[in-house]
Amino acid sequence: MFTLLIWNALPCGFMKVPSRKVQEQHFPGCGLLQTPWNLTYIPRLPDNTTFLNFSYNALSVIPEDFFSNVSSLVVLDLSDNNVTVINPRAFQNMYQLKKLFLNYNFYLNYSTLQPVFRIPTLNNFELGHGGLKAVPKGFFLNFSLPNLQFLSLDDNHLRNIHLKEFTHLKSLLALDVVNNKVSKVYSAPLPLLTFLDLKTNGIFDFPDTCNKTGNASLFPSLEKLILRQNLISTIPTQTCLPKLQTLDLSENLFKVISSDMFRHFHSLIDLNMQSMSTKLSQIQERAFSSATLQVISLMYNDIEFGEDVVHSLSFTGCPNITSLQLSHNYFNRMTDAKFRILFGHLTKLTELFLGSCMIDQISTDAFANFTSITMLHLYENQLTDLPDGAFDTMTSLQTLVLTSNRLSVIRQSTFSPETRARLHNLDVANNPFMCSCDLTWFQQWFVSSPGLFASYQGSYSCEDLGVSLSSFYLSEQACLLSTGVYTLTVVAAAMVIVTLTLTIVVFRYRWHFRLLMYEAFRAGSQRRQQLFLSRGFRYDIFLSYANEDVTWVSRYLVPRLEEGLGLRLCLHQRDFIPGRNIVDNIASSVETSKKMLMVFSEHFARSQWCQFELSLCLHHAMDRDDALLIVCLDNISSRDLTAAMLAVLKTTTFIQWDDDSDAQSSFWGRLSVALQEITPSVVTS
């Protein structure tokens, strides 16, 4: 929607009046105007109109008489109009115009802009987000522009910057060439320049600031230099910026902050080195040495302050530091001794930012030397407890931020009455408070001091109760519970938890425990091994199973024993001699087998031949002083078992098959132990 803003000398101020209808109304003194989109002319306005916002229209061509009825304009905004042509005489009668904005007009070039640079009263000119390329050599030499002080050319395509082209602008104070794909700055004297913004380019080298002989500054008046988001990795040993107060080097490629790096910046007050694009690997001794430096920001650098990466004397030589911004680094391995050596001498420090620094504890005297600090930020750390009196020695503290830690309770003894009286802002939101009797005092303080907690951003809630801190309630009788009773309750609860845990562990590893017990009770005897060696057995195992279970036997059991353990099995379907009486086959096979393995199942219980084999194998086992090996495929109900099977299961440790992977692993392990007497490696030893 189109918006026309008119600033009038009368007190009606800014006015936004959008409309889609072509309506032109004149109100005495205010210049109220309703217009449609895509205006190509300026309707009638009050004679004393000084501010006109004509942005977002369709003014591709500015004719000679375009401003004929607004010749008193002081501020003019023509942004987003797709201006391509400007009549050479378009601005000739605008004798008071000081500020002109032509942002987002992508088709303007230096030739088209010549009428603009002939405005003698122009003080501030912005042409950002356009299509300008490098300034032609000697371009500004053709225009006097005696009053131009502020020039913004951000988001164009200037590439390399030759500051010599701007030396013809004799009154220039501020130059903005942000985001212009600049890789090199060619310096030239700009004696009045106070502000230079070169951020978001691809500059490799810190700009030259000294003349060729090194005895004079090219920018003697420069106060603020912004080089954020470039590719700079070092600062030259010789710099000539006598009045520079603010230096922004954030998001560059500095790996080392070397000793006395800023000693030539004799007026430096504010130093910003946040978010380096490469990890800072070293901060040397006296890295920030400067008698004038007051503000240092090293946030978002992941610096290990507790390690040797940071020299313990790196902050010496800067006695006037008032604000130290170190959030989003690592202090988790910082000792109290190194902390005091690093920062304890900064007696003028008033603001300390240590948010999101992985701090998990602070000692009682951690901040004992910081009596001048008025603002302390410890947000987003891992603090679970605040020692009693930890902030009492900070006699100037007014603002304390402890949001998003792990504090479950704040004891009344944490803050002395004097400390509570000094605080103007206390923020401990987004902590997992356990709303118990120990927190009732803090709840009362929170509710009774809305001004103290007014600046918090986040929630104060009871994590255990799911209610807000201000609404939770505990009666006085509940809080009279003795410590002994409370301790007994905790101990009882702990015992229940331990018992439950042991039960879960035993159930989880039940098959492993059964294997251990089986191994303990199934040790082989030397006598049976001698028997196996002295007699010539045809088979290692006689396998008794029901025909209905042949699938499981052939798929799992036979491959595991014959191929896996190298044993010879007697299977009635495979090894019984055809034409021979079945009873004779069974008796002969049992007699010539070292061991007998029964596969119990519901089918086994219903098979008469299986019951015969069980009876015969029991007699042979007793004769050999051995025991049958029993494998159970199903959880068979006792009413489905034969008397012989029930007797065997009650007197013999059996091995249960289960589809669970852990149970199967235990099954094969137990079976291997039970057969260790007849496995080839054991028998031949």
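Colleague: Is Cys-435 buried or exposed, and at what relative accessibility?

Modeller: Buried means under 20% relative accessible area. In this predicted model, Cys-435 has 5% relative accessibility, so Cys-435 counts as buried.

Colleague: Which cysteine does Cys-435 form a disulfide with?

Modeller: A disulfide is a covalent bond between the sulfur atoms of two cysteines. Here Cys-435 is linked to Cys-462, with the sulfur atoms 1.8 Å apart. The angle about the S-S bond is -85 degrees, and the link is left-handed.

Colleague: Where do Cys-435 and Cys-462 lie?

Modeller: Cys-435 sits in the loop between strand 23 (425-427) and helix 3 (440-448), while Cys-462 belongs to strand 24 (residues 461-462), so the pair ties together parts that are 27 residues apart in sequence. Cys-462 counts as buried because its relative accessibility is 1%.

Colleague: How many disulfides does the count come to?

Modeller: The count is two disulfides. Cys-210 and Cys-240 are also joined by a disulfide, at an S to S distance of 1.9 Å. Their link is right-handed, with 95 degrees about the S-S bond.

Colleague: Which parts does the pair of Cys-210 and Cys-240 tie together?

Modeller: Cys-210 is in the loop between strand 12 (195-197) and strand 13 (224-226), and Cys-240 is in the loop between strand 13 and strand 14 (246-248), so the pair ties together parts 30 residues apart in sequence. Both Cys-210 and Cys-240 are buried.

Colleague: What about Cys-318 and Cys-357: buried or exposed?

Modeller: Cys-318 counts as buried because its relative accessibility is 1%. Cys-357 has 0% relative accessibility, so Cys-357 counts as buried too.

How values were computed
Residues numbered from 1 in each chain as written. Predicted model: local features only at pLDDT ≥ 70, side-chain atom pairs only at ≥ 80, totals over all residues. Heavy atoms only, no water. Disulfide = S-S within 2.5 Å. Helix = DSSP H or I, 4+ residues; strand = E, 2+ residues; numbered from the N terminus. Buried < 20%, exposed > 50% of the residue type's maximum accessible area, 1.4 Å probe, protein only.
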